[in-house]
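Subject: Structure handover

Hello,

Here is the structure you will be taking over. My notes on it follow below.

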Amino acid sequence: MPMLIRATARLRKRLRQPARPPEPAAPPANPLGEWYADVDFLDREPFVVLLNAATGAGMVLPGRAADLRMLHVHARDQFRKLLLHYGFDPDSPLCAAELSAWDEAPTYAATADRSLLASMNRCKDDAWYHFAYVNRSLPEAAARQWEGLFTHPSFVQEGRSRQHHSAWRQPLELVRERLGEAGGAACLARYPV
């Protein structure tokens, strides 16, 4: 089954997808599950933010019309770079399965989780800040997402509030858990983003 991207109405319109797409019959089979996506603009230049629903790991991709037609190719390339950057083995079974899910055009569906939309808006704000004050590198903007913090109502332990420190996790560590990779130092010098 192809990758499932839950895109905002604004992005679905740019992708020429139906205004009310059908809900997928089955959940995605890739190890990280579904992704959320939205488009934004910086100096009239579009970019797409993807946020993994399970881990909060992000990607920041080009968003012009030609780029949108190849969104899955750009996502696969950037995801591979991020895996290498953080010391993952892209040939390990789960990493390879996640990468191969990006080999074909994704299935698009409507968004379904307001908490993830709020997290995606924060990712867009972080990307804006990165572009304005650091540089315009899309992969480096994505790497900032992996090193930040992510929360979701499903992380909140019974009897604790969402503000409790246990409700916040680092996307990089969540990706490691999902892809079965042990900890390890990032290969920053060998594999720059």
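The buried residues of helix α6 (138-147) are Pro-139, Ala-141, Ala-142, Ala-143, Gln-145 and Trp-146. Their cover includes β4 (58-62), α3 (71-85), α5 (114-133) and α7 (171-179). Buried means under 20% relative accessible area, exposed over 50%, and partly exposed in between, with a 1.4 Å probe and protein chains only. Contact means heavy atoms within 4.5 Å. Helices (H or I, at least four residues) and strands (E, at least two) are DSSP runs, numbered from the N terminus.

The N-terminal end of α6 has a cap, Ser-137. One of its side-chain oxygens lies 3.3 Å from the backbone nitrogen of Glu-140.

A word on the source: this is a predicted model, where local features need pLDDT of at least 70 and side-chain atom pairs count only at pLDDT 80 or more, while totals for chains, interfaces and linings use all residues. Residues are numbered from 1 along each chain as its sequence is written, and side-chain values use heavy atoms, with hydrogens and water left out.

Now the sheet. It is open and has five strands, in the order β4-β3-β2-β1-β5, with mixed pairing. Two strands pair if DSSP finds at least two bridges between them. β4 and β5 are the edge strands; each has a single partner, so one side of each has no neighbour in the sheet. From one strand to the next, the twist averages 35°.

Strand β1 (residues 4-7) is covered on both faces. Leu-4 and Arg-6 are buried on one side, Ile-5 and Ala-7 on the other. β1 pairs with β5 (residues 107-110) in the parallel sense, over four bridges. There, Ile-5 stands opposite Tyr-108. β1 also pairs with β2 (residues 35-42), again parallel, over three bridges. In β2, Tyr-36 is the bridge partner of Arg-6, and Ala-37 is that of Ala-7.

Two helices on the sheet are worth a look. α3 lies across β1, β2, β3 (45-52), β4 and β5, and runs at about 130° to β4. α5 packs on the sheet too, touching β2, β3 and β4. The direction of α5 makes about 35° with that of β2. For these angles, axes are lines fitted to C-alpha atoms, for helices over the stretch in contact; angles run from 0 to 180 degrees between N-to-C directions.

Last, the aromatics. How many aromatic pairs does the structure hold? There are six. Rings of Phe, Tyr and Trp (its six-membered ring) pair if their centres lie within 6.5 Å; planes under 30 degrees apart count as stacked, over 60 as edge-to-face and the rest as tilted.

Phe-47 and Phe-131 have ring centres 5.2 Å apart and planes at 85°, so their pair is edge-to-face. Phe-47 lies in β3 and Phe-131 in α5, so the pair ties together parts 84 residues apart in sequence. Phe-47 is buried, at 3% relative accessible area. Phe-131 is buried as well, at 7%.

Tyr-129 and Tyr-133 form a tilted pair, 4.9 Å centre to centre with 45° between the planes. Both lie in α5, four residues apart, about one turn of the helix. Tyr-129 is partly exposed, at 45% relative accessible area. Tyr-133 is exposed, at 63%.

Ring pairs also link Trp-35, Phe-79, Tyr-86, Trp-102 and Trp-146 into a cluster. Trp-146 is also one of the buried residues of α6.

Best wishes

Methods:
Polar contact = N/O pair within 3.5 Å; in protein donor to acceptor, adjacent residues only side chain to side chain.
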